[in-house]
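Here is a friendly walk through one structure, with a look at some strands and at how nonpolar residues gather. Have the viewer open as you read.

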Amino acid sequence: MLTLYSDVKYIKGVGEKRAELFHKLGIFCVKDLIEYYPRAYQDWSASVKAADCESGEPVSIRATLIKPVKEHYVRKGMTLFKCSFSDGETIINVTIFNNKYLANSLKLYEDYLLFGKLEKRFTSAEMSSPQIEKLADNIGIHPVYPATERLNSKAIAKVVKTALEALPEFEETLPREIREKYQLAPLDFAIRQIHFPSNNENAEIARKRLIFEELLVLQLGLMKLKSKKKSKTKLIIKDDYTADYYKLLPFEPTGAQKRAIADCIADMRTEYPMNRLIQGDVGSGKTAVAAGVIFTAVKNGFQAALMAPTEILANQHMSTLSAMLGSKIRIELLTGSTPAKEKREIKARLMDGEIDLIIGTHAIIQNDVEFKELGLVITDEQHRFGVNQRASLAMKGEEVHTLVMSATPIPRTLALMIYGDLDISVLDELPPGRQPVRTDVVNSSYRKRIYEFIKKAIARGEQAYIVCPLVDGEEPSLASAEKYAQSLANGAFRGYNLGVLHGKMKSKAKDEIMRSFAQGNVKVLVSTTVIEVGVDVPNATIMVIENAERFGLSQLHQLRGRVGRGSTGSYCILISDSEGDTAQERLSIMKKYSDGFKIADEDLKQRGPGDFFGSRQHGLPDLKIADMLGDMETLKICRRCADEILAQDSGLDLPKHKAIAGKISDMFRASVSN
């Protein structure tokens with residue numbers, strides 16, 4: 001008997017070899033297949049006459065084959081089959097590419113459904129490679145699945161249909177009162193109708209139910225995650241030393257910085273550990289906030305640890321925090337490059353409590369690193385670390401206070417969802433005196449003028465970044481870092497000290513190049529986006545981004561943030577030859593706005609949330625049908641529903657919540673394994 005957890009190969013008509021094609025789509029068991037929802041539908045029942053269609057539109061036409069199929073050999077690997085249909089008014093000339101099976105199956109004077117784009121001519125019409133099905137078998141709404149070349153949507157639909165027919169009724173997962181209150185269809189109806197809807201209305205009813213359940217499970221999971229972290233701590237801050245910290249600073253903190261520090265201190269004075277995200281735009285002063293929190297924690301007798309994703313960033317934090325706090329607390333740096341003897345000495349001093357603050361990379365979460373009284377853990381650019389790495393650092397102490405920092409601006413509603421297990425403080429002010437970065441959008445004809453502009457800046461003692469989308473020319477039409485640097489070194493910038501930086505280089509080599517650029521030895525750094533989160537180089541005043549249309553807005557904003565960090569006026573030049581309206585509109589947003597949160601809002605509207613986080617670095621569970629942007633209203637409703645459920649049953653222990661508790665476990669187990 002087929003169950004949801006049966007291997008997909010056991011579905012009738014699949015088998016071992018075909019199962020491998022499903023594996024490439026992430027489908028391993030029947031449950032994966034059932035949750036592989038259609039991305040769209042084709043309504044074959046709504047057929048029209050060719051004369052009533054707009055040219056170039058996808059349409060469904062009932063037509064009769066009136067002229068037999070003729071084969072035309074074009075070249076090796078390319079055979080065309082041509083035939084003609086009539087819908088009673090218009091002759092439709094059809095071309096079929098390389099599909100002998102379909103061509104041989106067509107019978108003269110039989111009725112078919114043609115589905116595809118229709119191109120109208122003066123007295124006739126043409127369709128190129130339409131879907132062609134027997135009329136008797138195919139009136140209705142057809143699901144369209146994300147497919148591959150070897151496993152098309154039609155084949156996937158056939159297997160889904162076979163599986164659904166073999167499965168018993170799906171057990172309900174939501175309590176009756178929730179379904180009634182929010183007007184949700186039964187689960188069995190929703191699953192069967194989402195794949196093969198009887199009509200468009202049923203498809204929408206099914207989508208509503210499945211989206212609601214998915215977002216409710218997500219919200220309940222994140223809220224339970226947050227409540228789990230509410231075990232009590234003995235590491236309670238008794239005295240607030242913020243006023244003393246402000247006296248150490250040579251500048252006046254912004255209101256946002258003061259609020260964020262106050263939030264953290266308030267958290268640490270309760271009997272529960274702090275678990276807070278400091279989210280700020282590029283240059284908003286997150287390090288000064290971290291320093292304030294560290295200062296109070298250390299003055300209360302606790303040790304602090306700050307973990308950065310790269311050695312160069314760890315070194316930068318060491319330099320900045322030593323300047324701020326070095327006269328008052330004991331600070332050490334521990335990275336992979338620290339000599340073995342020095343590592344042993346640092347670890348011994350940490351264990352003896354002779355170090356107040358340790359700054360480092362993943363080296364500080366190694367098994368042999370122990371603390372005397374760790375009270376505060378800070379991770380910088382936290383999305384660069386996996387969940388397990390952050391947890392490993394937190395576990396070095398007992399119920400420690402945790403602060404994570406991110407310079408990726410995210411609209412607040414989305415941040416609440418992604419960081420649902422954290423409290424959030426937003427730094428929405430820039431420190432006074434920060435120079436705005438002038439942004440220009442130009443095409444490649446300006447390149448020579450840009451090079452001259454860079455040379456004049458170098459003559460004044462300044463430096464420049466040139467960012468490319470690729471490492472080594474995977475696409476010939478795009479600039480690649482290595483080839484570009486080579487052509488510049490042999491041409492426009494012959495005699496200048498150029499550096500190349502990309503993700504395929506070893507960490508040590510990357511750090512050496514970045515250090516050389518920071519010290520002013522490398523004048524022009526040709527790089528991929530690895531410099532998106534990097535060291536501060538106040539001397540760098542020009543950022544040139546090639547093929548700018550290939551980057552997300554938030555990523556462009558992060559890159560732009562690498563310049564304008566000193567007192568000199570800075571420039572960001574976006575080069576793009578794209579003439580598409582969408583690309584030009586996106587790049588004009590970069591010219592118009594300097595506020596990262598505003599840009600993030602625009603990016604979210606245009607591209608969806610995926611662009612913010614790259615390859616699932618955020619650790620948020622994968623959503624099968626809901627959309628974080630498009631279903632924001634449903635998300636808010638689900639938040640309220642989740643509050644109601646947990647107020648009634650905080651552990652989800654009641655029998656009516658057993659199924660949904662199981663779905664939460666499934667969802668979050670999958671996200672950790674990803």
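Predicted model: local features only at pLDDT ≥ 70, side-chain atom pairs only at ≥ 80, totals over all residues.

**The strands**

Let us begin with strand β3, which spans residues 78-86. How many of its nine residues are buried? Eight are, so to speak in plain terms, strand β3 is mostly covered, by the definition of buried as under 20% relative accessible area. Strand β3 pairs with β2 and also with β4. The two pairings are set out below.

| Pair | Sense | Bridges | Residues facing each other | Residues between the strands | Turn glycine, phi |
|---|---|---|---|---|---|
| β2 (residues 58-75) and β3 | antiparallel | eight | Thr64 and Ser86 | two | Gly77, about 85° |
| β3 and β4 (residues 91-97) | antiparallel | seven | Leu80 and Phe97 | four | Gly88, about 100° |

In soluble globular proteins, nonpolar side chains tend to be buried together. Here the largest nonpolar core holds 59 residues, and Ile11, Phe22, Phe212 and Leu216 have the most contacts inside it. Elements giving two or more residues to this core include α1 (15-23), α4 (153-166) and α23 (658-673). Helix α7 supplies the largest share, 11 residues.

Which residues does Phe22 touch, leaving aside its neighbours within four places in sequence? Phe22 is in contact with Val8, Val14, Ile27, Leu33, Leu151, Ile156 and Val159. Apart from this core lies another, of 55 residues, with Leu235, Ala291, Ile294 and Leu313 among them.

Conventions. Residues numbered from 1 in each chain as written. Heavy atoms only, no water. Buried < 20%, exposed > 50% of the residue type's maximum accessible area, 1.4 Å probe, protein only. Pairing = 2+ DSSP bridges. Core = buried A, V, L, I, M, F, W, Y, C linked by side-chain atoms within 4.5 Å. Contact = heavy atoms within 4.5 Å.
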